[in-house]
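Here are my notes on the core, the aromatic contacts and the backbone. Please read them with the structure open.

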Amino acid sequence: MFKGFVYFLVIILANTVGAISGMGGGVIIKPVLDFIAADPVGAVSFYSSVAVFVMSITSTVRQVRAGASVSWNFVLWIAGGSILGGFLGNHTFDFFLNSFSNEIVVQLLQIILTMITLLFALFYNHFNFGKFYLRGRIWYLICGLILGFLASLLGIGGGPINVALLILMFGVTIKEATVYSICTIFFSQLSKLGTITLTTGFALYDLSILFYVIPAAIIGGFLGAKVSRLISAKQVSRVFEAVILIVLLINLYNGFRLFL
């Protein structure tokens with residue numbers, strides 16, 4: 001199937017870069033699949049979530065085995081917030097789909113919100129305008145709630161705001177933030193996929209596409225984690241900013257195209 005092969009290539013590339021930068025592949029997968037316009041917005045969001053979920057497992061396992069330092073207490077409290085945030089984000093997405101007769105409106109909302117998060121992450125990473133060094137479980141929960149909500153609502157698996165917000169709130173390094181970001185993405189997408197399982201189910205989607213999505217996500221997560229261990233924090237930062245700029249342009253084009 002030609003469409004499946006295209007999905008396979010897009011997801012390998014997106015998840016490799018996403019695992020390196022800590023963005024997750026969804027921030028690339030979602031706008032690229034919107035650009036291709038091979039599936040409705042709900043289906044694209046679902047395939048993107050599956051790809052990012054699988055990538056997060058592969059990448060996290062690879063990072064931990066390679067010796068990455070992870071504070072699991074920190075991760076689990078953020079995860080608790082991201083699960084709740086993912087649940088709320090998925091219900092908000094369904095609410096938008098049911099509220100607007102034309103799904104183009106929902107797609108446009110996703111594009112606008114995604115671009116706002118991209119710009120925030122780009123300016124923060126480039127200018128580094130301070131860190132709060134917050135500590136305490138309530139802050140971990142709040143951070144997870146924000147990240148999980150945006151990840152599910154936008155269908156991008158978290159994206160660049162994960163890394164930027166983790167650095168801003170807790171003062172971690174960019175390489176630490178990429179690891180924690182991928183961990184957070186796992187729990188937010190687990191929440192989203194669990195919600196779909198318990199509500200609408202998967203009959204709405206062409207599940208044969210997953211035979212292309214899942215292997216591509218595994219390969220991308222493995223390659224991204226491997227490369228991430230070999231490059232410096234400065235190089236990670238450059239990849240991070242380059243990806244943001246590319247995705248901004250794709251989203252901008254997709255937004256204009258909706259009005260044509």
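1. Y7, F46, Y47, F202 and Y205 group into one aromatic cluster. Keep in mind that this is a predicted model. Across the structure there are 16 aromatic pairs.

2. The largest nonpolar core has 75 residues. F46 and Y47, both in the aromatic cluster, are among the members that touch the most others. I28, L166, F170, V213 and I244 belong to that list too. Which helix gives this core its largest share? Helix α7, residues 160-170, supplies 9 residues. In general, nonpolar side chains of soluble globular proteins tend to be buried together.

3. What does F170 contact once neighbours within four places in sequence are left aside? The partners are F74, I78, Y133, L134, R135, W139, Y140 and C143. A second core is separate and has 5 residues, including A19, V52, I182 and I185.

4. Two aromatic pairs can be set side by side. A pair of rings is described by the distance of the centres and the angle of the planes. F123 and F127 are stacked, at 6.0 Å centre to centre and 10 degrees between the planes. They lie 4 residues apart in helix α5 (residues 103-127), so about one helical turn separates them. F123 is partly exposed at 44% relative accessible area. F127 counts as exposed because its relative accessibility is 55%, and the cut-off is over 50%.

5. F186 and F187 form an edge-to-face pair, because their planes stand at 80 degrees. Their ring centres are 4.8 Å apart. Are these two residues buried or exposed? F186 is partly exposed, with 21% relative accessibility. F187 is buried, with a relative accessible area of 17%. The cut-off for buried is under 20%, so F186 at 21% is counted as partly exposed.

6. The charged end of K192 sits over the ring of F93, 5.4 Å from the ring centre.

7. Now the backbone. Most residues other than glycine have a negative phi. N128 is not a glycine, yet its phi is positive, about 45 degrees. Y133 is also a non-glycine residue with a positive phi, near 50 degrees. Where do they sit? N128 is in the loop between α5 and α6 (137-154), and Y133 is in the loop between α5 and α6 as well. N128 is partly exposed, with a relative accessible area of 43%.

Conventions
Residues numbered from 1 in each chain as written. Predicted model: local features only at pLDDT ≥ 70, side-chain atom pairs only at ≥ 80, totals over all residues. Heavy atoms only, no water. Core = buried A, V, L, I, M, F, W, Y, C linked by side-chain atoms within 4.5 Å. Buried < 20%, exposed > 50% of the residue type's maximum accessible area, 1.4 Å probe, protein only. Helix = DSSP H or I, 4+ residues; strand = E, 2+ residues; numbered from the N terminus. Contact = heavy atoms within 4.5 Å. Phe/Tyr/Trp six-rings, centres within 6.5 Å; stacked < 30°, edge-to-face > 60°. Lys NZ or Arg CZ within 6 Å of the ring centre and 35° of its normal.
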